[in-house]
Amino acid sequence: MKGYIISTTKNTNDWVIYENDISTDYQEFLKGRFFPEKELPLFFSISKKSNLNKVKSALILESSGPNLVNKLLKEVLEANTNTLQFFDVELYCENEKIEGFFALNVPIKIPCVNIEKSEYRLLNFDVNNPKYMFYYMKLKDDIFEKELNFDVTLCEEMPRTVVISERIKKALFNANLKGLQFSDSIDITPQERTIYEKI
């Protein structure tokens, strides 16, 4: 079954700041591991008060820490998969606490990229643990096999990338959520080869 990179139609990358010095190390969220804890210290702040309304209406908030998902998206994901973890967070805009967002942990990480069809530069020379800088990243066609019992994974080659199955994509379309996009590639070159399906 095909996989799709899930992202937001708007770039939310600088809307919230992860307070890494008082929070769980963000790299723990890139390992594809299950957290045994029920609660984690996860502190975020909104960098500009002018972004507050945009933040409140976002489905996914990207930051230098774990991705934040809002309550609506969390409920759809929870109803359709049992492998994800969601953690309460402390999200503030000055003295106002913002409710309704959760840190997403994806405790699975598998190879997702079709290296032959991608364009990249190797950042290290470790054969067992290569690090890539992708100019064009194309997903494999058969990421989610029937015998695999999960529908969401981190991309091993680019762990900040979350890949979902066709089944989860359909569930998100059916839930009438707005502001998400799905693609099977990422192109940072001027060729603009990425095609998005948007809701």
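1. In what order do the three strands of the open sheet lie? The order is β11-β12-β16, with antiparallel pairing; strands are DSSP runs of E of at least two residues, and helices are runs of H or I of at least four, each numbered from the N terminus, while two strands pair if DSSP finds at least two bridges between them. The model is a predicted one, in which local features need pLDDT of at least 70 and side-chain atom pairs count only at pLDDT 80 or more, whereas totals for chains, interfaces and linings use all residues. Residues are numbered from 1 along each chain as its sequence is written, and side-chain values use heavy atoms, with hydrogens and water left out.

2. Four bridges join β11 to the antiparallel strand β12, residues 132–138, and Arg-121 stands opposite Met-133 in β12.

3. The largest pocket holds about 1300 Å³ of space, a volume being the space filled by probe spheres set on grid points that are joined across faces, edges and corners. A pocket is here an open set of points on a 1 Å grid over the protein atoms alone, where a 1.4 Å probe fits, with protein on both sides within 12 Å along at least five of seven lines, and lining residues have an atom within 4 Å of a point. Of its 46 lining residues, Met-158, Pro-159, Arg-160, Thr-161 and Ile-186 lie nearest the centre. Strand β14 gives the largest share of this lining, six residues.

4. The second largest pocket has a volume of about 160 Å³, and its lining includes Trp-15, Lys-54 and Lys-178.

5. The whole structure contains 14 salt bridges, each defined as a side-chain nitrogen of Lys or Arg within 4 Å of a carboxyl oxygen of Asp or Glu. One of them joins Lys-71 to Glu-75, with the closest N and O atoms 2.7 Å apart; both residues lie in helix α2, four residues apart, about one turn of the helix. Lys-71, at 46% relative accessibility, counts as partly exposed, as does Glu-75 at 38%, where buried means under 20% relative accessible area, exposed over 50% and partly exposed in between, with a 1.4 Å probe and protein chains only.

6. Arg-193 forms a salt bridge with Asp-187, the closest N and O atoms being 2.9 Å apart. Asp-187 counts as buried because its relative accessibility is 13%, whereas Arg-193, at 25%, counts as partly exposed.
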